[in-house]
Amino acid sequence: MGAEARLAELGITVPEVVPPVAAYQPTARAGNLVFTAGQLPARDGEMLAVGKVGAEVTEEQGYECARQCALNALAAVKAEIGSLDDVKRVVKVVVFVASAPDFTGQPKVANGASELLGEVFGDAGKHARSAVGVSVLPLDVPVEVEIIVEV
């Protein structure tokens, strides 16, 4: 089953590409690799949460934000290549988590992105990953996700 059919089976609709908030493009293609810009947890024009995970934002909310960021990254990839069925594999995922000073659950938050990609692409969704705690992210969002896919 292709990624597009799997998304439909899961009841997930790929959103429109979120417009950049600064001077960059949503994707850049180099050969058979598509790199996404960092995607924020926007849904229907609103951020799912603001603040730091471990303070104003719970780990569970951070997980949902990472999932939405990954879905927004898939929207950018789809706009670049036409169909997510053309993705051969997810190569790398980077998840930035705006964290309270004592929060160390970044990998659990990052699972929101990784698990979505696994649901959509199956074995082709297995990837290398970094989960990085940072002090602040654009627009005070708790999570930002970048992905690299092979097409």
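Good morning. Two strands are said to pair here if DSSP finds at least two bridges between them. With that in hand, I shall turn to the structure, which is a predicted model.

Strand E5, residues 89-98, pairs with strand E6, residues 128-134, in the parallel sense, and seven bridges join the two. Within that pairing, Ala98 has Val134 of E6 as its bridge partner.

Which residues does Asn32 contact, once its neighbours within four places in sequence are left aside? They are Val149, Glu150 and Val151. Asn32 itself sits in the loop between strand E1, 27-30, and strand E2, 33-36. In sequence, Asn32 and Val149 are 117 residues apart, yet their C-alpha atoms are 8.3 Å apart in space. With Glu150, the side chain of Asn32 makes a polar contact of 3.3 Å. Asn32 has a relative accessibility of 37%, and therefore counts as partly exposed.

I turn next to charged pairs. Side chains of opposite charge can pair when their charged atoms come close. How many salt bridges does the model contain? The count comes to three.

One of these joins Lys78 to Glu4, with the closest N and O atoms 3.2 Å apart. Lys78 belongs to helix H2, residues 59-81, and Glu4 to helix H1, residues 3-10, so the pair links distant parts of the chain, 74 residues apart. Both ends are partly exposed: Lys78 has a relative accessibility of 27%, and Glu4 has one of 21%.

Another salt bridge is formed by the side chains of Glu119 and Arg67, at 2.9 Å from N to O. Because Glu119 lies in helix H3 and Arg67 in helix H2, this pair ties together parts that are 52 residues apart in sequence. Glu119 is partly exposed, its relative accessible area being 31%.

The remaining salt bridge is between Asp123 and Lys126, whose closest N and O atoms are 3.3 Å apart. Asp123 and Lys126 are both exposed.

Leaving aside neighbours within four places in sequence, Asn72 is in contact with Pro15, Val18, Gln39, Leu40, Pro41 and Ala42.

Finally, a word on annotation. The UniProt record, an unreviewed entry, assigns residues 4-146 the domain "Endoribonuclease L-PSP/chorismate mutase-like". In the model, the end C-alpha atoms of that span lie 20 Å apart, and the span is 32% helix and 23% strand.

Helix H2 holds Lys78, which is bridged to Glu4 of H1, and Arg67, which is bridged to Glu119 of H3. Thank you for your attention.

Conventions
Residues numbered from 1 in each chain as written. Predicted model: local features only at pLDDT ≥ 70, side-chain atom pairs only at ≥ 80, totals over all residues. Heavy atoms only, no water. UniProt positions renumbered as here; feature names shortened; annotations may be inferred. Helix = DSSP H or I, 4+ residues; strand = E, 2+ residues; numbered from the N terminus. Buried < 20%, exposed > 50% of the residue type's maximum accessible area, 1.4 Å probe, protein only. Contact = heavy atoms within 4.5 Å. Polar contact = N/O pair within 3.5 Å; in protein donor to acceptor, adjacent residues only side chain to side chain. Salt bridge = Lys/Arg side-chain N within 4 Å of Asp/Glu carboxyl O.
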